Amino acid sequence: MPKVTIDGHSIEVPDGTTILEAARKIGGKIVPPAMCYYSTLKTSGGYCRTCIVKVSKGSERDPRPMPKPVASCRTTVMDGMEVENITSPDLMEARAGVVEFLLINHPLDCPICDQAGECHLQDLSYEHGLSKSRYEFERRTFEKIDIGEKIKLHMTRCILCYRCVKVADQLCDGRVHGVINRGDVSEISTYIKNVVDNDFSGNMIDVCPVGALTDRTFRFKSRVWNVNPVDAHRDCKKCAGKVMLWQKGPEVFRVTGRKDTYGEVIDWICNECRFDKKQTSDWVIEGPSNIERTSVISQNHYTLPEPAHKPLLNDVKIVPDHYQIDNKK
Amino acid sequence: MGKKILLKNDHIPGIQSYDVYRQHGGYASVEKALKTMTPEVIVEEVKKSGLRGRGGAGFPTGLKWSFLAKPEGVARYLVCNADESEPGTFKDRYLMERIPHLLIEGMIASSFALGAKTSYIYIRGEYFYVARILEQAIEEAYAKGWLGKNILGSGFDFDLHVHVGAGAYICGEETALLESLEGKRGNPRIKPPFPAIAGLYACPTIVNNVETIAAVVPIINDGGDAYAQIGIGKSTGTKLISASGHINKPGVYEIEMGITVEDFIYSDEYCGGIKGGRKLKAVVAGGSSVPILPAELILKTAAGEPRLMSYESLADGGFATGTMLGSGGFIVMDESTSIVKNLWNFSRFYHHESCGQCSPCREGTGWMEKILHRILEGHGKMSDVDLLWDIQGKIEGKTICPLGDAAAWPVASAIRHFRKEFEDYVQKPSSIKDVKHYYRLHEAGTAS
Amino acid sequence: MSATKEIKFSDESLALAEKLMKRYPEGKHKSAIIPILHIAQAEFDGWLSPQVMNYVASILKIQPIEVYEVASFYSMFNLKPVGKCLIEVCRTSSCWLLGAEDVISHIEKKLNIKVGETTADGMFSLKGVECLGSCGTAPMMQVGADYYENLTLDKVDNLIHRFKSEGKRKSYTDQAESKSV
């Protein structure tokens with residue numbers, strides 16, 4: 001089994017393992033962030049470039065460093081490979097650049113975005129971004145559209161991770177949405193007015209790292225941190241029936257798939273479970289969902305993680321107080 | 001006169017047609033290859049020749065060929081990259097239009113060497129009329145038995161098809177080209193795997209430029225050693241240079257590598273000097289992507305040596321004082337040229353042509369264009385020059401494919417060598433006159 | 001325009017599309033999508049309506065979205081109606097150095113349209129395009145299959161006059177009328 005060293009931590013992993021997956025096995029702060037990679041979606045990853053790392057030694061056999069940063073999600077480890085992630089200031093600077101690119105056309109509508117609080121782009125920009133934008137031009141906008149009764153497509157927020165397209169290709173029959181146009185006017189679209197209608201299409205909402213695809217049955221109903229997630233299950237003929245119910249009192253606000261540490265859905269759920277089973281009586285409640293202590297959703301336990309690196313500029317962070325208080329603990 | 005290999009019969013009337021081409025020694029390399037050589041021997045000859053990819057990257061062709069995987073029972077493909085779209089480059093069009101059978105001959109011999117039974121020429125859609133010329137030549141080649149079953153009784157079966165694109169610079173990148181050839185959007189693939197392992201339809205594939213494949217013909221006819229004798233150092237053979245811009249004699253020239261840049265620009269055999277007797281200001285020597293050099297650095301290296309038309313000499317000094325031979329798109333600018341505006345023109349191009357797949361290129365190319373546009377409109381800030389420098393650095397090397405680098409290098413080099421001109425634009429907006437904007441702004445009704 | 005016309009290839013075009021599909025290995029006929037879209041654009045008034053793209057999808061036996069994705073990626077495919085003569089002026093690099101902007105503004109004035117627009121009579125559309133590989137014969141424009149090179153404003157006037165009097169639709173798939181390198 002090839003042995004790889006990431007930021008000084010070594011691990012042996014099976015052949016064909018990517019640097020990112022090896023890093024996830026090590027865990028902790030050295031895990032590169034990923035906005036487009038999704039371990040359960042084939043051919044995902046490589047697009048967003050946030051998971052780039054520096055390969056300072058290619059392998060035992062060929063120790064030359066790789067000339068450019070590589071996408072850790074699509075680069076397999078070689079025996080003896082040495083990787084620098086948070087230990088390389090150059091790499092952190094490069095990643096901050098990628099984050100800035102992802103943000104220049106992203107609307108700053110977090111206060112009215114349903115994804116706020118569980119948005120990967122928010123986390124990413126907190127950990128790696130600058131506190132203010134250097135982009136002074138009009139941001140790109142698109143019309144909001146309904147792709148069916150249950151899903152809202154808010155393209156302006158999209159970062160073109162392609163995950164929803166891969167869900168449609170790999171979980172659903174007869175894909176009707178995709179990426180049209182090219183360059184910075186590319187968009188996720190059905191092109192003509194069309195409805196994404198498939199038993200598993202709701203998973204597109206769960207895989208979306210930002211608020212581009214949202215659950216119309218939950219829109220503007222509540223901030224995610226004001227509803228309590230509990231694990232629940234039911235006998236379902238179409239899917240495993242293992243979900244998270246987001247409740248306030250007895251009321252079920254929304255149903256989503258259960259997610260792992262990296263925000264990836266563990267079992268895909270069907271649209272019936274997601275959209276049609278909104279009564280507590282539809283479900284067997286297992287107990288409170290395991291939410292990262294650092295998540296805003298984990299009420300009353302809210303602590304911010306130490307940033308993976310020192311902020312690059314001397315700019316003041318937007319939320320410095322929590323950070324300092326926690327550090328003092 | 002320099003030595004001509006590819007264009008030696010270019011002047012012969014009717015060379016476009018099969019009969020005339022054949023009368024002048026056409027298809028001899030196929031006869032020689034199929035009757036007297038094995039595929040391995042041909043690959044060796046190509047290695048010996050020192051031929052380097054003529055599309056821009058300059059990777060040794062023989063070495064590339066030797067990487068081709070040969071699993072049992074799996075088809076292999078040779079795909080000719082005729083998507084020529086690097087601004088300043090038009091040599092492949094010239095070659096295909098003038099001597100279409102040379103490319104076909106090269107495709108047959110090269111496919112034999114690689115064990116490809118079907119090959120494709122991917123030609124940019126705008127060259128539709130050139131595709132027709134090739135189609136016609138292919139028909140003639142079938143009729144004369146150079147294509148099809150059991151060619152020359154050798155047992156080698158081979159089919160060749162032309163495939164037209166539809167307007168996308170990115171399809172000149174080999175994996176984007178393969179995606180496009182598979183009927184998809186021209187999004188570059190993430191490498192590895194490289195095409196030599198998994199290319200067209202996931203089969204082992206070699207992608208070579210038109211000129212590279214054409215050069216295989218003289219290499220087989222005269223031997224790799226003879227080819228390696230031509231040129232200078234590791235820049236063996238001849239190179240087609242597309243010369244354009246402010247010169248007296250624009251056009252395609254076949255040069256023996258190693259002539260001086262000065263000779264190329266000023267002699268009557270080539271560009272014939274600068275138009276109207278004006279002074280040379282700058283040159284982009286290898287297509288729009290490569291670093292622009294001011295007159296003094298294109299004519300002489302930083303060490304004061306005469307700069308030569310070769311891979312090594314043009315690259316002498318790295319990006320600090322050198323550039324690249326690239327695709328050989330040689331764009332000459334006289335003293336009247338605004339470097340800032342020229343850069344905006346290039347940046348608009350890369351913005352327009354970014355496929356949009358990866359974030360740094362999708363977002364960064366547009367950002368750079370907008371800043372340059374702002375400077376041109378007279379609303380620039382002094383900090384814009386540093387901002388441009390920073391953005392290009394954050395694109396370069398961070399993208400899936402080399403389009404990111406191609407968009408970054410012109411910006412970096414223009415600022416490196418002409419910073420003062422940018423600052424002048426910012427400080428004295430009144431000096432900017434006659435700025436016309438054919439700015440994209442989602443041109444109504446078109447997909448571009 | 002084409003609203004009432006049934007979307008169906010002529011026998012000749014259909015035969016050509018089928019021939020093109022056979023150039024690719026079994027099961028890989030989706031490769032023919034771009035060549036077939038060119039045929040479709042030429043046959044159905046110079047642009048690809050959703051109905052035309054759906055028709056192409058049915059020929060290739062693929063989902064319509066796969067056609068929309070491809071058609072919208074490539075700049076030669078028009079997704080909205082265009083004039084009979086789509087004048088595409090190269091605006092990059094050497095063409096720019098040698099007066100492409102003057103050519104464009106001259107045409108804009110002459111036809112009283114801006115880049116991206118179509119004349120009221122539906123005869124002309126104007127588009128700025130990126131390098132067409134004609135840098136040595138700059139400035140240039142493409143109309144249908146033909147490259148018109150070493151342009152002068154007089155030459156442009158004559159061409160526009162001629163196109164107008166001929167009144168024919170120009171397509172990339174036409175036989176090129178003349179060639180000059």
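Q: What is the area buried between chain C and chain B?
A: This is a predicted model, in which local features need pLDDT of at least 70, side-chain atom pairs count only at pLDDT 80 or more, and totals for chains, interfaces and linings use all residues. Residues are numbered from 1 along each chain as its sequence is written, and side-chain values use heavy atoms, with hydrogens and water left out. Buried area is the accessible area (1.4 Å probe) that two parts lose on being put together, summed over both. Carbon and sulfur atoms give 57% of the area between chain C and chain B, which comes to about 5200 Å².

Q: How many residues does each chain bring to the contact?
A: Contact here means heavy atoms within 4.5 Å. By that rule chain B gives 69 residues and chain C gives 58 residues.

Q: Which residues meet in a salt bridge at 2.9 Å, N to O?
A: A salt bridge is a side-chain nitrogen of Lys or Arg within 4 Å of a carboxyl oxygen of Asp or Glu. The rule finds 4 salt bridges across the interface of chain C and chain B. The pair that meets at 2.9 Å, N to O, is Glu149(C) and Arg93(B).

Q: Which element gives the largest share of the side of chain C that touches chain B?
A: Helices (H or I, at least four residues) and strands (E, at least two) are DSSP runs, numbered from the N terminus. The elements of chain C that give two or more residues to this side include α2 (33–43), α6 (100–111) and β2 (124–129). The largest share, 5 residues, comes from α6(C).

Definitions and conventions. Chains are lettered from A and ligands numbered from 1 in the order in which they are written.
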